[in-house]
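I am opening a page of notes on this structure, and I mean to write down each thing in the order in which I look it up.

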Amino acid sequence: MKVAIFDFDGTLYSKETFQLLMEHLKQHPTHRSKYKSFFRKILPLYIGYKMKLVPEAKMREGSMQIYANTLDSLSKSELNNYFEEVKENMRQHFNAEVVTRVQQHHNDDMHVMLVSGAYTPLLHSVTEGIKFDTIIGTDIPFTANGVFDKDSAIYPIQGKRKTEKIMESLKGNEIDWKQSFAYGDSYSDLPVLELVGNPVAVRPEERLKRVAIERDWVIM
């Protein structure tokens with residue numbers, strides 16, 4: 001079995017999901033009153049990151065927890081509708097060449113995966129009509145009754161968690177890693193890109209671009 005693994009932010013989606021979600025909350029006709037509280041809570045974390053007191057991974061993890069907590073009054077179906085509202089905006093900024101690669105890999109009978117730190121329900125909504133065999137994202141905890149579970153922490157799929165989740169998802173399958181593909185834009189995607197024989201750097205940030213050039217990887 002061969003796989004093709006795609007990152008989302010900066011790869012399939014050419015922008016940053018969290019920036020869009022912040023603006024969506026700020027301008028939302030129903031929920032914009034929650035923005036001030038959200039901003040007050042996230043500001044110390046962001047300042048700590050800028051002062052190099054808080055690692056980027058911790059900043060991202062804390063930010064996603066704060067954002068989800070801000071919307072904790074919404075039911076599971078209401079939150080899905082909330083994410084649905086940004087769908088068309090995001091799709092306008094999809095990388096057409098990457099979308100084409102997704103289809104090509106399906107045509108080649110590969111198992112196509114989307115692996116991202118973005119919220120899972122958002123990923124399912126925004127990629128509707130683009131076939132992924134597996135979508136791995138950051139889950140938002142809900143109880144069996146569809147109520148936000150305040151007692152459960154959010155664990156963003158980033159860094160080594162991406163690789164762990166990929167391996168967990170593919171457990172029991174014999175993978176031809178040498179003939180497999182992976183797509184990413186960030187240096188943090190390196191562990192996933194190194195899994196496969198065909199890594200592709202998509203509009204890479206400078207650190208990843210240097211690695212891609214040194215290792216003669218394909219750059220899109």
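**Entry 1**

I began with arginine 60 and glutamate 56, and I found both of them in helix 3, four residues apart, which is about one turn of the helix. I kept in mind that I am reading a predicted model. The side chains of arginine 60 and glutamate 56 meet in a salt bridge, with 3.0 Å from N to O. As a reminder to myself, side chains of opposite charge can pair when their charged atoms come close. I then asked whether these two residues are buried or exposed, for which I needed the cut-offs of under 20% relative accessible area for buried and over 50% for exposed.

**Entry 1: other salt bridges**

How many salt bridges does the count come to? I noted nine salt bridges by the rule used here. One of them joins the side chains of aspartate 7 and lysine 162, again with 3.0 Å from N to O. Aspartate 7 lies in the loop between strand 1 (3-6) and helix 1, while lysine 162 lies in helix 8 (residues 160-170), and therefore the pair ties together parts that are 155 residues apart in sequence. Aspartate 7 counts as buried because its relative accessibility is 7%, and lysine 162 counts as buried because its value is 8%. I also wrote down that Asp7, Lys162 and Asp189 are linked in a network of salt bridges.

I looked up one further pair, arginine 207 and glutamate 205, whose closest N and O atoms are 3.7 Å apart in a salt bridge. Arginine 207 is partly exposed at 44% relative accessibility, and glutamate 205 is partly exposed at 30%.

**Entry 2: the largest pocket**

Next I turned to empty space, since rolling a probe the size of a water molecule over the atoms shows where such space is left. The largest pocket has a volume of about 1,000 Å³. Its lining is made up of 35 residues, and those that lie nearest the centre are Glu16, Glu56, Met59, Arg60 and Gln158. Helix 1 (17-27), helix 2 (35-50), helix 3 (56-70) and strand 2 (111-119) are the elements that give two or more residues to this lining. Which element gives the most to the lining? I found that it is helix 3, with six residues. Sorting the lining by class, I listed 16 nonpolar, nine polar and 10 charged residues.

I followed the strands after that, and six of them form an open sheet in the order 3-2-1-4-5-6, with parallel pairing. Strand 3 (134-138) and strand 6 (218-219) are the edge strands, since each pairs on one side only. Strand 2 and strand 3 pair in the parallel sense over four bridges, and leucine 114 stands opposite isoleucine 135 in strand 3.

**Entry 3: the buried side of helix 1**

Last, I looked up which residues of helix 1 are buried, and I listed Thr17, Leu20, Leu21, Met22, His24 and Leu25. What covers these buried residues includes helix 2, helix 3, helix 4 (76-84), helix 5 (87-91), strand 2 and helix 7 (120-126).

Key
Residues numbered from 1 in each chain as written. Predicted model: local features only at pLDDT ≥ 70, side-chain atom pairs only at ≥ 80, totals over all residues. Heavy atoms only, no water. 1 Å grid on protein atoms, 1.4 Å probe; cavity = no way out; pocket = protein on both sides within 12 Å on 5 of 7 lines; lining within 4 Å. Points joined across faces, edges and corners; volume = space filled by probe spheres on them. Nonpolar A, V, L, I, M, F, W, Y, C, P; charged D, E, K, R; others polar. Salt bridge = Lys/Arg side-chain N within 4 Å of Asp/Glu carboxyl O. Buried < 20%, exposed > 50% of the residue type's maximum accessible area, 1.4 Å probe, protein only. Pairing = 2+ DSSP bridges. Contact = heavy atoms within 4.5 Å.
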